[in-house]
Amino acid sequence: MKNIFNNLLFKVVCGILFGIALGYYAPEWLYRILITFQVLFSNFLKFAIPLILMGLIMPSISDLGKNAGRLLLITIGIAYAFTLFSGFSTYLVGESLFPSLLQGEQLGTIVDKGKSLPPYFTIEMPPLADVMSALLFSFIIGIGLSFREESKLTEVIKEFGDIVKWLIVRAIIPILPIYIMCIFAEITFNGQVMAIMKVFFKLILVLFVMHIALLIIQYLIAGSIAGKNPFKALATMLPAYATALGTQSSAATIPVTLRQALKLGISQRIAGFVIPLCATIHLSGSTMKITACALALMMLQGMPYDFSLFAGFIMMLGVVMIAAPGVPGGAIMAALGVLNSILGFNEAQQGLMIALYIAMDSFGTACNVTGDGAVALIVDKCGKNEVRAAQARRNEKISK
């Protein structure tokens with residue numbers, strides 16, 4: 001029972017239910033207290049988002065560069081290609097499927113401030129930099145440090161990253177259920193909660209089916225390249241899928257993922273390198289969730305969008321979430337910046353995205369780690385080809 005009460009998903013579900021109840025029955029003074037807390041925490045999130053981006057991206061890019069090599073570049077390229085495929089295929093499927101799925105559902109602007117009661121007070125917390133400035137700064141520092149063998153700044157950046165992870169785990173994540181409760185109280189007060197809940201359940205069902213389809217496609221590609229039966233390979237990785245459903249963490253599932261990857265016939269050297277790396281950089285499942293939920297919310301509210309807008313969003317999303325899977329809730333925290341800067345999501349829409357993401361966190365994490373086996377199969381095949389090519393070159397030199 002203690003584990004259940006400490007589970008983030010359980011807390012978020014309770015926050016949603018309490019928020020709905022408070023939206024219907026809370027007296028005006030209590031409702032305004034909730035709105036005051038929501039506004040203050042929302043302002044704090046705005047302040048923290050650039051720091052989160054810098055704290056997650058700078059150390060991860062600098063570490064990748066220090067281990068640069070051909071197989072590293074191949075692994076990053078395959079993982080990013082799978083992530084992009086997930087995002088673009090989700091957009092195309094969503095654009096064709098969601099209009100009929102969400103037919104009859106329509107939301108006003110979330111939340112209509114004209115109907116909502118004002119907070120008792122608010123405190124402005126301007127961020128130190130906007131999202132794009134934080135991203136550019138992170139890329140410059142991270143790439144610059146990757147070329148330096150030893151640097152005092154590297155240790156500073158790592159300590160800064162540890163502080164940001166502490167901020168997420170100890171300060172932001174524990175308060176999220178209360179923040180979501182306040183958002184749902186406001187949505188209920190404005191009469192939009194039933195439409196939101198219908199969308200929640202429809203998206204959860206559709207995304208589960210899409211996750212399974214994505215894994216089948218990934219293993220069909222990997223199987224054709226590596227010469228393996230894709231369905232047997234996918235079945236071999238199912239223990240990793242089941243473990244990730246329980247742990248909700250790519251990093252915590254690494255031992256099981258590694259064990260199952262070895263059962264696929266992948267060499268110890270390749271599996272030991274690719275699996276831990278992909279736990280950080282391969283985010284197909286997370287990208288699918290965020291893209292689908294963002295598209296559905298934009299459709300429901302009549303927000304303008306097109307393929308080019310989502311193309312930029314998806315490509316940036318695959319980058320900003322680097323290293324985020326190692327932090328519970330880190331992926332959606334890192335994504336809040338591009339949701340606002342590229343898609344124009346406000347605080348309430350970002351809160352709904354957080355609730356939707358956490359509600360499906362287990363499925364997304366399971367999709368990420370199971371797909372790591374497909375990446376490892378392809379890299380293993382590339383590594384064997386590279387070894388054979390090197391051997392051929394050596395034989396040619398000997399014959400001469």
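Of the 400 residues of the protein chain, 53% count as buried, where buried means under 20% relative accessible area, exposed means over 50% and partly exposed lies in between, computed with a 1.4 Å probe on protein chains only. This is a predicted model, in which local features need pLDDT of at least 70 and side-chain atom pairs count only at pLDDT 80 or more, while totals for chains, interfaces and linings use all residues. Residues are numbered from 1 along each chain as its sequence is written, and side-chain values use heavy atoms, with hydrogens and water left out.

**The whole chain**

- The protein chain holds 17 helices and 0 strands; these elements are DSSP runs numbered from the N terminus, helices being H or I over at least four residues and strands being E over at least two.
- Among contacts between residues at least 6 apart in sequence, 85% join residues at least 24 apart, a contact being heavy atoms within 4.5 Å.
- The accessible surface of the protein chain comes to about 17,600 Å², with 67% of it belonging to carbon and sulfur atoms, as given by the Shrake-Rupley method with a 1.4 Å probe.

**Annotated regions**

- An unreviewed UniProt entry places the feature "transmembrane region" at several spans, among them residues 71-93 and 167-187, and such annotations may be inferred rather than shown by experiment.
- In the model, residues 71-93 are 100% helix and 0% strand, with end C-alpha atoms 32 Å apart, while residues 167-187 are 86% helix and 0% strand, with end C-alpha atoms 28 Å apart.

**Helix 8 and helix 13**

- Helix 8 (residues 193-226) and helix 13 (residues 284-301) pack at an angle of about 140° with their axes 10 Å apart, the axes being lines fitted to C-alpha atoms over the stretch in contact and the angles running from 0 to 180 degrees between N-to-C directions.
- The contact includes Leu 203, Leu 207 and His 211 of helix 8, together with Met 288, Lys 289 and Ala 292 of helix 13.
- The residues of this contact divide into 10 nonpolar, 4 polar and 1 charged.

**Two single residues**

- Leu 92 is found in helix 4 (residues 70-101) and is partly exposed, with a relative accessible area of 49%.
- Leu 92 and Ala 292 are 200 residues apart in sequence, and their C-alpha atoms are 9.8 Å apart in space.
- Ser 42, which lies in helix 3 (residues 28-66), is buried, with a relative accessible area of 6%.
- Not counting residues up to four places away in sequence, Ser 42 touches Tyr 179 and Glu 347.

Methods. Nonpolar A, V, L, I, M, F, W, Y, C, P; charged D, E, K, R; others polar.
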